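Please read the points below with the model open beside you, and look up each residue as it is named. They are written for someone new to reading structures.

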Amino acid sequence: MNKLSDFEQITKLDDNSITAIFELKSDNKWIEGHFEDLPILPGVAIIFYVVELSKKYFDVNLDNASLNFDLIKFAKPVLLGSRAMFRINHVSEKSQITFSIHDIIKGANSDEIFSSGKLKYEI
């Protein structure tokens, strides 16, 4: 299974926020069969990456936690060759992780995003 090695660069901005640069390459295992004529990164892979990054960089044990995904929006598909910046924030007092994934080609500060959302956890 793909892990964090799929990211070019991961930057911990502070104890509760990170950014991670990602490019969807043809050897990414998530795109196998999803879809042959138009390979995209499936939503489940996006959630997987957010959870794995959160576990590592926020030191939160989400393996046995109850996860509630709220306000997940897949606004634009992450196509083969897309470059994206994951922005992930942890709000520990609310047991909450928020994320947005920006299209780097459009600009890291662009309002145009691939997806965004919030997940709450209970350990």
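1. Phe48 has a relative accessibility of 18% in this predicted model, and because the cut-off for buried is under 20%, Phe48 counts as buried. The ring of Phe48 forms an aromatic pair with the ring of Trp30, and this pair is tilted, with 5.4 Å from centre to centre and 55° between the planes. Phe48 sits in helix H1 (43-57), whereas Trp30 belongs to the loop between strand S2 (17-23) and that helix, so that the pair links parts of the chain that are 18 residues apart. Trp30 is buried as well, with a relative accessible area of 15%.

2. A pair of aromatic rings is described by the distance of the centres and the angle of the planes. How many aromatic pairs does the count give? The count comes to eight. For Phe7 and Phe86 the ring centres are 5.1 Å apart and the planes stand at 85°, and because planes over 60 degrees apart count as edge-to-face, this pair is given that name. Phe7 lies in strand S1 (residues 7-14) and Phe86 in strand S4 (residues 83-91), so the pair connects distant parts of the chain, 79 residues apart. Phe7 is buried at 8% relative accessibility, and Phe86 is buried at 1%.

3. Strand S6 pairs with strand S3 (residues 66-74) in the antiparallel sense over seven bridges, and Asn68 stands opposite Lys120 of S6. Strand S6 is also joined by seven bridges to strand S5 (residues 96-103), again running antiparallel, with Thr98 opposite Lys118.

4. Which form does the peptide bond from His34 to Phe35 take? This bond is cis, with omega near 5°, and Phe35 lies in the loop between S2 and H1.

5. Leu71 lies in strand S3 and is exposed, with a relative accessible area of 62%. Ser95, which is not a glycine either, has a positive phi of about 50°. Ser95 is found in the loop between S4 and S5, and with 23% relative accessibility Ser95 counts as partly exposed.

Definitions and conventions:
Residues numbered from 1 in each chain as written. Predicted model: local features only at pLDDT ≥ 70, side-chain atom pairs only at ≥ 80, totals over all residues. Heavy atoms only, no water. Phe/Tyr/Trp six-rings, centres within 6.5 Å; stacked < 30°, edge-to-face > 60°. Helix = DSSP H or I, 4+ residues; strand = E, 2+ residues; numbered from the N terminus. Buried < 20%, exposed > 50% of the residue type's maximum accessible area, 1.4 Å probe, protein only. Pairing = 2+ DSSP bridges.
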